[in-house]
Amino acid sequence: MAGRFAPRPTRTTVRGGHVPVPRGGARSPAGPGHVRIHEPDGPLDLGLVLGPLRRGPGDPTFRTTPDGSVWRTSRTPDGPGTLRVTAHGAAVRGEAWGPGAQWLLDRLPDLLGAADDPSAFTPRHRLLAHTRHRRPGLRLTRTGLVMESLIPSILEQKVTTDEAYRAWRLLVRRFGDPAPGPAPDGMAVMPEPRTWALIPSWEWHRAGVDDKRASTVLRAVRVAARLEEAVRMDPVAARARLEVVPGIGPWTSAETVQRSHGAADEVTVGDVHLPGIVGWALAGDRDADDTEMLRLLEPYAGQRHRAARLILLSGRVPPRRKPKMPVWDIGRL
């Protein structure tokens with residue numbers, strides 16, 4: 001019976017990168033665009049592969065539509081671009097618009113996990129074996145872009161996801177560029193580094209971003225070109241370069257390279273919830289810390305990030321025993 005019914009999304013599985021994609025009959029939108037067809041060498045679930053790139057349901061840079069399309073905007077080295085991805089049987093069709101269209105299509109296979117090797121993962125716990133069986137289309141995306149993952153990861157530091165998603169949504173909509181091509185209404189391209197650097201202090205405040213996170217973003221965009229070079233490094237070296245910037249630590253660098261590099265082994269440490277979730281799923285220990293989490297994930301060396309994602313996608317979490325973290329809107333102060 002495993003795999004017969006699609007698992008229902010929960011808050012934990014959404015964090016694991018599960019974005020439901022409607023199963024509609026995809027139609028080509030009006031307007032000329034560059035096109036590329038990609039044929040993956042195995043099962044591919046667009047919602048699981050591209051889901052980690054969405055920063056909340058209102059993300060202006062990510063949208064799913066009823067016709068089964070996944071839309072993304074990116075600021076590429078060639079300029080802004082809009083990408084529409086749809087599944088057509090065993091093949092995937094990519095259409096792109098804007099100055100960055102060809103750049104996006106050239107890297108479409110990597111975005112869809114072509115550089116990832118799911119067969120390298122050997123489940124050693126029944127929970128992970130069962131989850132992998134139910135999620136055969138899971139592959140790790142590789143965007144090839146650092147700043148588009150780094151900035152929202154900085155905004156997610158030490159706050160609830162809802163607060164971070166709101167800040168990202170407001171700042172991109174206000175200071176980003178309109179999405180090229182026939183993108184759905186409301187989509188935008190994240191601001192370029194210079195625009196981030198010129199955002200007034202009161203706009204950060206209105207978006208609910210404190211001075212510490214805003215200052216970290218400003219330090220990062222000043223050296224954006226050097227940080228983007230990290231995409232050509234291995235994940236460990238890339239994280240070391242990112243962490244040279246004050247305010248960027250192991251949590252933020254891991255969250256970034258998981259997306260920019262498709263890093264299968266870069267597990268997130270310093271997270272409030274992840275150690276307890278991993279500890280509960282693998283050992284029934286809801287009080288596990290980072291050290292214990294890494295010990296439990298040792299059998300998956302080389303694939304620890306994939307193991308953590310499968311645990312999140314399983315939806316198995318310890319029962320709640322304390323109130324949720326309070327949400328503070330500093331924009332109202």
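Start by selecting tryptophan 71 and tryptophan 97: both are buried in this predicted model. Now colour by secondary structure. Tryptophan 71 belongs to strand 3 and tryptophan 97 to strand 5 (residues 91–97), so the pair ties together parts 26 residues apart in sequence.

Next stop: phenylalanine 121 and tyrosine 300. How far apart are their ring centres, and what is the angle between the planes? The answer is 5.3 Å centre to centre and 15° between the planes, another stacked aromatic pair. Phenylalanine 121 is in the loop between helix 4 (108–111) and helix 5 (126–134), while tyrosine 300 is in the loop between helix 15 (290–296) and helix 16 (304–314), so here the pair ties together parts 179 residues apart in sequence. Buried or exposed? Phenylalanine 121 counts as buried, at 2% relative accessibility. Tyrosine 300 is buried too, with a relative accessible area of 2%.

Then pick Trp168, Trp196 and Trp204, which ring pairs link into a cluster. In total, the protein has 4 aromatic pairs.

What is the lining made of, by class? For the largest cavity, count 4 nonpolar, 4 polar and 6 charged residues.

Now hop to the second largest cavity, with a volume of about 60 Å³. Select Arg72, Ser74, Leu83, Trp103, Leu104, Arg107, Leu111, Arg142, Thr143, Leu145 and Glu148 to see its lining. Strand 3 turns up again, together with helix 3 (101–106), as the elements giving two or more residues to the lining of this second cavity.

Finally, zoom out to the whole protein. Cartoon view gives you 16 helices and 7 strands. Of the 333 residues, 51% count as buried. Switch to a surface: the accessible area comes to about 15900 Å², with 52% of it belonging to carbon and sulfur atoms. As for contacts between residues at least 6 apart in sequence, 70% join residues at least 24 apart.

Technical notes. Residues numbered from 1 in each chain as written. Predicted model: local features only at pLDDT ≥ 70, side-chain atom pairs only at ≥ 80, totals over all residues. Heavy atoms only, no water. Nonpolar A, V, L, I, M, F, W, Y, C, P; charged D, E, K, R; others polar. 1 Å grid on protein atoms, 1.4 Å probe; cavity = no way out; pocket = protein on both sides within 12 Å on 5 of 7 lines; lining within 4 Å. Points joined across faces, edges and corners; volume = space filled by probe spheres on them. Helix = DSSP H or I, 4+ residues; strand = E, 2+ residues; numbered from the N terminus. Buried < 20%, exposed > 50% of the residue type's maximum accessible area, 1.4 Å probe, protein only. Contact = heavy atoms within 4.5 Å. Areas by Shrake-Rupley, 256 points an atom, 1.4 Å probe, with all protein chains shown as cover. Phe/Tyr/Trp six-rings, centres within 6.5 Å; stacked < 30°, edge-to-face > 60°.
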